[in-house]
Amino acid sequence: MSMPRILEVRTRILKANDETARSMRREFERAGVLVVNVVSSPGSGKTSLLKETLTRLAARGEAVAAVVGDLETDNDARRLAESGVPVRQINTHGLCHLEADMVAKHLTGWDLTGLQYLFIENVGNLVCPTSWDLGESLRVALLAVTEGEDKPLKYPGLFNTADVAVITKTDLACACEFDRDAALAAIEAVRPGMPVLETSAKTGAGLDAWLELLGQRRRSLTGG
Amino acid sequence: MHELSIAMRVIDLAEVHCRAEGGGQVVAVTLRIGRLAAVEPHALRTALAMAAVGTLLEEATLRIVEVPVAIWCPGCEREVDLPGLVPLACPACGTRSGDIRRGDELDLESLEIMVAEVPA
């Protein structure tokens, strides 16, 4: 009669994803590429912010590319490609988040020599992307003024994993009776000390500060 | 429903460990899930039951240890457990702290395996 045996495993469940992500991060950081993972709920302005970001960085002569995750369609890739920079679409066909190997697969055979910034627009979802490291050096969580100031309190896991929060669509703040102090307090409660930027992709407000932050983070990778 | 992706990773990992020990069946799996990990235990349980069919975990009992959030409080100079997820602030003195010490785990803690008997 055999007896059950206990195996103490004590391993991260997402170990395989973490290892892929870690090796991607190492390669990108060595090459001086700032990889930015943009997460938020659907409709909070990821694509609009990124389109402006890609356009403005490219106009400054920076080498930029983007991958965008959606369940279906390449609509967002086409919108982002209007900026003139290389863009690839990842269709997850039902999966609610991106995983490191999906990103890696979509980067193969893509000549990104000299790249300075790679943006990953995650699937719009405030829960599922939380634990999936994509090899990014910067995770940015968006909160649109149209969403309700307490979103970070409702989805603390995701906001807690972010390095920077960006409040988007500030041009609509007045119409939405957006309570800025409440939003800032909610972000602070979930991730004390996290930098918060306020932007409007439509008017351009706050975008200089956003680009400045990206530039600083990239320079810190290369030790410049 | 990222719990299904997580369940599949649990199965992959558990099978690798079980086979490394000579195979057999996994009779119990213990996971440690931090409350900040954005994983819903009931959904994970359902997902694992579905995904385990036809694997070494088909008959396995799932134990989920939910881990409350603990932060380092610089004010009190000690680790403190939080009653909930937010705010990330010391319940005793109110000092904010993002220095999370527990509560973001997503770990395969242990397996109980029944190794197939080798005939003498």
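Predicted model: local features only at pLDDT ≥ 70, side-chain atom pairs only at ≥ 80, totals over all residues.
Chain A contains 8 helices and 8 strands. Its radius of gyration is 18 Å, close to the 17 Å that the globule rule gives for 224 residues, so chain A is as compact as a globular protein of that length. Along the principal axes, the C-alpha trace of chain A spans about 75 × 40 × 40 Å.

The contact between the two chains draws on 35 residues from chain B and 34 residues from chain A. Between chain B and chain A an area of about 3100 Å² is buried, and carbon and sulfur atoms give 61% of that area. Across this interface, 12 residue pairs are found in polar contact, with both residues of each pair at pLDDT 80 or more. On the side of chain B that touches chain A, the elements that give two or more residues are helix 1 (3-20), strand 1 (25-34) and strand 6 (106-114) of chain B. Of these, strand 6 gives the most, with 9 residues. Sorted by class, the side of chain B that touches chain A has 21 nonpolar, 6 polar and 8 charged residues.

Charged side chains were considered next. Side chains of opposite charge can pair when their charged atoms come close. Over all chains the structure holds 23 salt bridges, and across the interface of chain B and chain A the rule finds 3 salt bridges. In one salt bridge, the side chain of B:Glu21 meets that of A:Arg5, with an N to O distance of 2.6 Å. B:Glu21 lies in the loop between helix 1 and strand 1 of chain B, whereas A:Arg5 lies in strand 1 of chain A, so the pair joins two chains. In another salt bridge, the side chains of B:Glu109 and A:Arg10 meet at 3.2 Å, again given from N to O.

Technical notes: Residues numbered from 1 in each chain as written. Chains lettered and ligands numbered in written order. Heavy atoms only, no water. Contact = heavy atoms within 4.5 Å. Buried area = accessible area lost by both parts, 1.4 Å probe. Salt bridge = Lys/Arg side-chain N within 4 Å of Asp/Glu carboxyl O. Polar contact = N/O pair within 3.5 Å; in protein donor to acceptor, adjacent residues only side chain to side chain. Helix = DSSP H or I, 4+ residues; strand = E, 2+ residues; numbered from the N terminus. Nonpolar A, V, L, I, M, F, W, Y, C, P; charged D, E, K, R; others polar. Rg over C-alpha atoms; globule rule 2.2 N^0.38 Å.
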